[in-house]
Amino acid sequence: LVSHEQEKGLLECSEEDIYNIARYNFDWRRVGRRLLCDQKIQDIDREGGSEAEKRENMLLLWKRTKSHDATYQALVKVLRALENNSTADRIEELETKQAIQGNK
C-alpha cells in the first residue's frame, strides 16, 4: 500500500530518517546548494564538525526552513541530478517504509 502523499511525492522526511540519511556518504555541499542558499552552506561549513555532522546540520536546516517542501522526493530529485543514484535509491526505500508505517 502506498499513501496518497507518497504517490504525489509529498511525503515529508521524518526527523528520524534525516538522522539516518545524514550517515549516507554524499557530498553535502553540492546537495545543500540545491536545497538551501550558499550562505547557509558556508555557515554550516564554518561551524565545523565531521562531514556526517555537517550533512545532518544541512538536512535539519533544510527540513526546518522548507517544512512541507522537505520531502523524500525533493531530496531524491537533487541526488539523481547529481548522479548519486545509490543514495537516492536508499532514500526511496526509507520513503516506502515511512509510507507503509503511516498507513498502519
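Is E83 buried or exposed? At 69% relative accessibility, E83 counts as exposed. This is a predicted model. The protein has seven helices and zero strands. Of its 104 residues, 41% count as buried.

**Fold and confidence**

- Along the sequence the pattern reads α-α-α-α-α-α-α.
- Contacts between residues 24 or more positions apart make up 66% of those with a separation of 6 or more.
- Mean pLDDT is 89, and 89% of the residues reach 70 or more.
- Residues 1-6 have pLDDT below 50. Beyond near neighbours in sequence, this stretch still has 12 contacts in the model.
- Where pLDDT is low, the predicted coordinates should not be read in detail.

**Nonpolar core**

- The largest nonpolar core holds 29 residues. F26, V31, M58, L59, W62 and L75 touch the most other members.
- Two or more core residues come from each of helix 2 (15-21), helix 3 (28-35), helix 4 (38-47), helix 5 (51-66), helix 6 and helix 7.
- In soluble globular proteins, nonpolar side chains tend to be buried together.
- V31 is in contact with F26, M58, L75, V78, L79 and L82, leaving aside neighbours within four places in sequence.

**Helix 5**

- Does the span of helix 5 agree or disagree with its residue count? At 1.5 Å a residue, its 16 residues should span 22 Å. The end C-alpha atoms are 22 Å apart, so the two agree.
- Buried positions in helix 5 are K54, R55, M58, L59, L60, L61, W62 and K63.
- These buried residues pack against helix 2, helix 3, helix 4 and helix 6.
- An α-helix has 3.6 residues a turn, so residues three or four places apart point the same way.

**K54, a buried lysine**

- K54 lies in helix 5. Its relative accessible area is 8%, under the 20% cut-off, so K54 is buried.
- Which residues does K54 touch, not counting those up to four places away in sequence? They are W28, R29, I44, D45, G48 and G49.
- K54 also belongs to the contact between helix 4 and helix 5.

**Helix 4 against helix 5**

- Two packed helices are described by the angle between their axes and the distance between the axes.
- Helix 4 and helix 5 pack at about 145°, with axes 10 Å apart. Their crossing is right-handed.
- Helix 4 supplies K40, I41, I44, D45 and E47 to the contact. Helix 5 supplies K54, N57, M58 and L61.

**L36, between helix 3 and helix 4**

- L36 is found in the loop between helix 3 and helix 4.
- With a relative accessible area of 11%, L36 falls under the 20% cut-off and is therefore buried.
- Leaving aside neighbours within four places in sequence, L36 is in contact with I41, M58, L61, W62 and T65.
- L36 and M58 are 22 residues apart in sequence. Their C-alpha atoms are 8.3 Å apart.

**S67, after helix 5**

- S67 follows helix 5 and sits in the loop between helix 5 and helix 6.
- What is the phi of S67? The value is positive, near 45°, in a residue other than glycine.
- S67 is partly exposed, because its relative accessible area of 32% falls between 20% and 50%.

**E83 and N84, between helix 6 and helix 7**

- E83 lies in the loop between helix 6 and helix 7. N84 has its place in the loop between helix 6 (72-81) and helix 7 (85-102).
- E83 has a positive phi of about 60°, although it is not a glycine.
- Why does E83 count as exposed? Its relative accessibility is 69%, and exposed means over 50%.
- N84 counts as buried, because its relative accessibility of 18% is under 20%.
- N84 is in contact with N25, F26 and L79, leaving aside neighbours within four places in sequence.
- N84 and F26 are 58 residues apart along the chain. Their C-alpha atoms are separated by 7.5 Å.
- F26 is one of the core residues that touch the most other members.

Methods: Residues are numbered from 1 along each chain as its sequence is written. This is a predicted model: local features need pLDDT of at least 70, side-chain atom pairs count only at pLDDT 80 or more; totals for chains, interfaces and linings use all residues. Side-chain values use heavy atoms; hydrogens and water are left out. Helices (H or I, at least four residues) and strands (E, at least two) are DSSP runs, numbered from the N terminus. Buried means under 20% relative accessible area, exposed over 50%, partly exposed in between (1.4 Å probe, protein chains only). Contact means heavy atoms within 4.5 Å. A nonpolar core is a set of buried Ala, Val, Leu, Ile, Met, Phe, Trp, Tyr and Cys residues joined through side-chain atoms within 4.5 Å. The expected span of a helix is 1.5 Å times one less than its number of residues. pLDDT is the predictor's confidence in each residue, from 0 to 100. Axes are lines fitted to C-alpha atoms, for helices over the stretch in contact, and angles run from 0 to 180 degrees between N-to-C directions. A crossing is left-handed if the near helix is turned anticlockwise from the far one by less than a right angle, and right-handed if clockwise.
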